[in-house]
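Please look through the structure shown here, moving from one part of the chain to its surroundings and then to the whole.

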Amino acid sequence: MDIVFVLDGSSSIDAGNWINMQNFASNLTVGFGSNISPTATKIGIIQFSTTTVTHLDLKDGTSKTAVLNAISSAGQLKSSTNSILGINNAVSMVLSQGRKDITRKLLIHITDGMSNLPCGMGACRAMYGSDKSLYGSVPNYCKSPRFPGTDATICSWNEPLSRCNPCSDATLRSTDLNSWTVGGASNPEKSTYGSIWNWRQLVVGIGDGLSSGYGQLQIQKMNYDPNNLIVVDWSDLSSVYQTVIDNSCNLVDSTQTNVLVPLSSSGYSIQYLGKTLSKSSYLNYEATISTFTYRVSVSSSAPALQRFTLGLQPGYNQDNFVNYDPYFPVFIGQDTTTNLNGFTFLSLPNSYTIAAGSSDTYTLSIAGDIPEGVITYGMSGGSQYTQGTVKGPSGVINSTTVALPPNINYGDDSSYRTTYCSSTKCYFFTKMNYAYRIEAMKSSSANLSAVQINSMSFDQIASGWDSNPNKSQFSRNVANGIMEVHEHARNQSEKLSNSNLLVMDFGAGTGTLTLMFLNHYLSQIERIDAVDVSSGMLSQLQDKITKLTNDNMLTCGEKIVINNIDLELAEQSLHPISLNKGKYNVIMSGMVFHHLENIPEKIKLISSYLAPGGMFILD
């Protein structure tokens, strides 16, 4: 085999447990033993966090000693968790260094919890847009079958019911990888050799990160066997060594052990409660919503129900699933137990959705007047599954004739509104009461630019920005991180440690970073230019400067100069800030770039304002 260890080096793993992870990987290596050789098994090692680092190339992992030395010398990256980047780089290593005649390619992915990068539309599309020949359609990757009806516009770590999903969800990329088989249509080695390899990813979950349902499901769905959750406690790593070795060698899906039983003897029953139609309006847009309701019961002698799947016609659009209850966890696509393609209500790993002797109601709301007809459903629990037919959404669910509607059961929280502009129109999005949905709202104007729409959106929420405890705390966390980077850099650079620094805060918003930076480096700063396209956000900053000055809590507030300008238009409009091009010692930007389009060009523009030896810090 060709094997790549993909190790999670994020900061959620403390120093002691990083040593435990190294020991774990070392003991796995010892388990492969003499099979590691130039002609048998080779092992490469990649660590991921915010970025990745290669500790051992696959071509060089030809002996147990080489692998053990690389593991023991690996320093921990200690940052965020970009599982997708780790997977992608491991795939690239196999593509460039994998042996043509060795069919089996295995990634052993060891992680302590769910991924949190990328965490925004811009970052997600930038990642997958870097190689469309490998990743295909970018928007599809910035969605997730685990979050129907949502897309990258809702990604936020600050929101407990989003946690950077679906942007950071690594299950879609993992599903791709685990589908690559000999003769497959989409194998990445196809253009070079033809589809001659079998790819698999074996995922091992370790540690406290698994306390999150999001983390548990992501790890389970990333595994080559999506019904198998391999987890281990830091204090009991030895208990799973043999399991990992066996899975690495055998690669037999647990779904192959599920037994199809007749519905009459399964202990499961279903009652269709009907279809209802409703109308919903928002921002002058009206849509029809079809809601299908079911009552499912489990007898006292049957295994607890773990999943309930409604089979759907091919060609459905996941954006049209505007509401579902229970809302988590769910999955849209091929259910690996019942083999039905459709909408599945899941349970958390090692749990159930309906206990023996109980019943529950399921609802599925879909955009449009969806025809009612006979569909196939599946239910599974324990080692059994069953199938039957029932009335349900029988037509093709497609958004070509129905725009994405708002959810009628949720109230719009205007402080969470944001926007996204395509090439032809701009959509409003919002947070609906307690759960994010991709409620695409009324198109405002196809003639407005993305900058103008962002400006309008942030003007609306500016007055409540600092009073929102989650947003204000997150803003301070980002500001602290940027200042830590600057402090480290100034200790290394004489130019950055000098006085009379000219500073720009790009996307300053209400000025959290601007004020913290001025307060900390007051004696060194000549001026800070606070730049933002939202006059409403900058007005809040001006109010804070005035109040803090009057309360004797801010000195030299006049060093902050407010600039309500789109930097791209500064030169052609002869804005004074354009005269400082090439003069800024420090340019910083926090919580901004996920709102931008054409990010490489934006970075190029902003960098042109740096002085020689200057520093651009962004989060």
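One of the covering elements, helix 1, can be followed in more detail. Two packed helices are described by the angle between their axes and the distance between the axes. For helix 1 (residues 15-32) and helix 2 (residues 64-72), the packing angle is about 175° and the axes are 9 Å apart. Since angles over 145 degrees count as roughly antiparallel, helix 1 and helix 2 are therefore roughly antiparallel to each other. On the side of helix 1, the residues that take part in the meeting are Gln22, Ala25, Ser26, Thr29 and Val30, while helix 2 brings Lys64, Val67, Leu68, Ile71 and Ser72. Sorted by class, the contact of helix 1 with helix 2 has 5 nonpolar, 4 polar and 1 charged residues.

Lys190 is located in helix 8, which covers residues 190-193. Is Lys190 buried, partly exposed or exposed? Its relative accessibility is 43%, and therefore Lys190 counts as partly exposed, given that the partly exposed class lies between the buried limit of 20% and the exposed limit of 50%. Leaving aside residues up to four places away in sequence, Lys190 touches Gly184, Ala185 and Ser195. Trp180 is 10 residues from Lys190 along the chain, and the C-alpha atoms of the two are separated by 10.0 Å.

The view can now widen to the whole protein. Its secondary structure comes to 17 helices and 24 strands, and of its 619 residues, 54% are buried. Among contacts between residues at least 6 apart in sequence, 72% join residues at least 24 apart.

The confidence of the prediction also belongs in this picture. The mean pLDDT of the protein is 80, and 78% of its residues reach 70 or more. Over residues 281-285, however, the pLDDT is below 50, and this stretch has 16 contacts in the model beyond near neighbours in sequence. Residues 400-447 likewise have pLDDT under 50, and for them the model has 147 contacts beyond four places in sequence.

Note on methods:
Residues are numbered from 1 along each chain as its sequence is written. This is a predicted model: local features need pLDDT of at least 70, side-chain atom pairs count only at pLDDT 80 or more; totals for chains, interfaces and linings use all residues. Side-chain values use heavy atoms; hydrogens and water are left out. Axes are lines fitted to C-alpha atoms, for helices over the stretch in contact, and angles run from 0 to 180 degrees between N-to-C directions. Helices (H or I, at least four residues) and strands (E, at least two) are DSSP runs, numbered from the N terminus. Angles under 35 degrees count as roughly parallel, over 145 as roughly antiparallel, 65 to 115 as roughly perpendicular and the rest as oblique. Contact means heavy atoms within 4.5 Å. Ala, Val, Leu, Ile, Met, Phe, Trp, Tyr, Cys and Pro count as nonpolar, Asp, Glu, Lys and Arg as charged, and the others, Gly among them, as polar. Buried means under 20% relative accessible area, exposed over 50%, partly exposed in between (1.4 Å probe, protein chains only). pLDDT is the predictor's confidence in each residue, from 0 to 100.
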